[in-house]
Amino acid sequence: MSRKTLLNSKDIEIILHRLACQLIENHNDFSNTVLIGLQPRGTFLAERLAELLKTAYNIKELELGLLDITFYRDDFRRKDKPLAAETTQMNFLIEDKKVVIIDDVLFSGRSIRAALTAIQSYGRPKSIELLVLIDRRFSRHLPIQPNYRGRQVDAINEEKVLVTWKKTHKKDAVYIESKA
């Protein structure tokens, strides 16, 4: 299996700052905006962005939730082994708020479709936007596009995009792996 580095730690840091600035442009002080990271991998990106917005850009009132979409996935019963659910941490309602869903990689769009269904349990938002670190644009099964993207990647279906974070892997990086 071969592995190629797409983004190193410095690249990711620059992208995080750019995404934070784009969010500030559209949501100002975040008084009517919530960030929701998708469990499990979108939470690392959501937590890093929330921390960056608070420390580097002085955003004081920022609501961050973590949403588990396991039981809303359309492939839930198609897996060989049962899927393990993660914890949902949403201590707020999203009624009439602007919601930014955050995930690490946008691939087929099915996780985002599941998130749109799951989020209805928390109210009716004013609007929903999507932020992803990596957009695999030629892999979509559903007509879903991100509002904010860190990097667009043209990867074929046999290739896998792997995101690692300091918190879990001791290093921020994005790799593309192929079986070749």
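**Salt bridges up close**

A: Let's start with aspartate 135 and arginine 149, whose side chains meet in a salt bridge at 3.0 Å, N to O. Aspartate 135 sits in strand β5 and arginine 149 in strand β6, so this pair ties together parts that are 14 residues apart in sequence. Bear in mind that this is a predicted model.

Now go to the loop between β5 and β6. Arginine 137 forms a salt bridge with aspartate 154, and the closest N and O atoms are 2.6 Å apart. Since arginine 137 lies in the β5-β6 loop and aspartate 154 in the loop between β6 and β7 (160-164), the pair ties together parts 17 residues apart in sequence. Here arginine 137 is partly exposed, with a relative accessible area of 36%, and aspartate 154 counts as partly exposed too, at 46%.

While you're in that loop, have a look at serine 139, which is found there, between β5 (127-136) and β6 (148-153). Serine 139 counts as buried, at 3% relative accessibility. Leaving aside neighbours within four places in sequence, serine 139 touches Phe107, Ser108, Ala155 and Asn157.

Arginine 48 belongs to helix α2 (residues 42-55) and aspartate 172 to the loop between α4 (166-169) and β8 (173-178), so they tie together parts that are 124 residues apart in sequence. Aspartate 172 is buried, at 1% relative accessible area, while arginine 48 counts as partly exposed, at 23%. These two also belong to a network of salt bridges that links Glu13, Arg48 and Asp172.

Zooming out, a search of the whole structure finds nine salt bridges. The charges behind them come from 30 positive and 24 negative side chains, and the centres of the two sets lie 3 Å apart. The fold itself has four helices and eight strands, in the order β-α-β-α-β-β-α-β-β-β-α-β along the sequence. Among contacts between residues at least 6 apart in sequence, 71% join residues at least 24 apart. As for overall size, the radius of gyration is 16 Å, which agrees with the value near 16 Å for a compact globule of 180 residues.

Technical notes:
Residues are numbered from 1 along each chain as its sequence is written. This is a predicted model: local features need pLDDT of at least 70, side-chain atom pairs count only at pLDDT 80 or more; totals for chains, interfaces and linings use all residues. Side-chain values use heavy atoms; hydrogens and water are left out. Helices (H or I, at least four residues) and strands (E, at least two) are DSSP runs, numbered from the N terminus. Buried means under 20% relative accessible area, exposed over 50%, partly exposed in between (1.4 Å probe, protein chains only). Contact means heavy atoms within 4.5 Å. The radius of gyration is taken over C-alpha atoms; the globule rule is 2.2 Å times the number of residues to the power 0.38. Lys and Arg count as positive and Asp and Glu as negative; His and the chain ends are not counted. The place of a charge is taken as NZ of Lys, CZ of Arg, CG of Asp or CD of Glu. A salt bridge is a side-chain nitrogen of Lys or Arg within 4 Å of a carboxyl oxygen of Asp or Glu.
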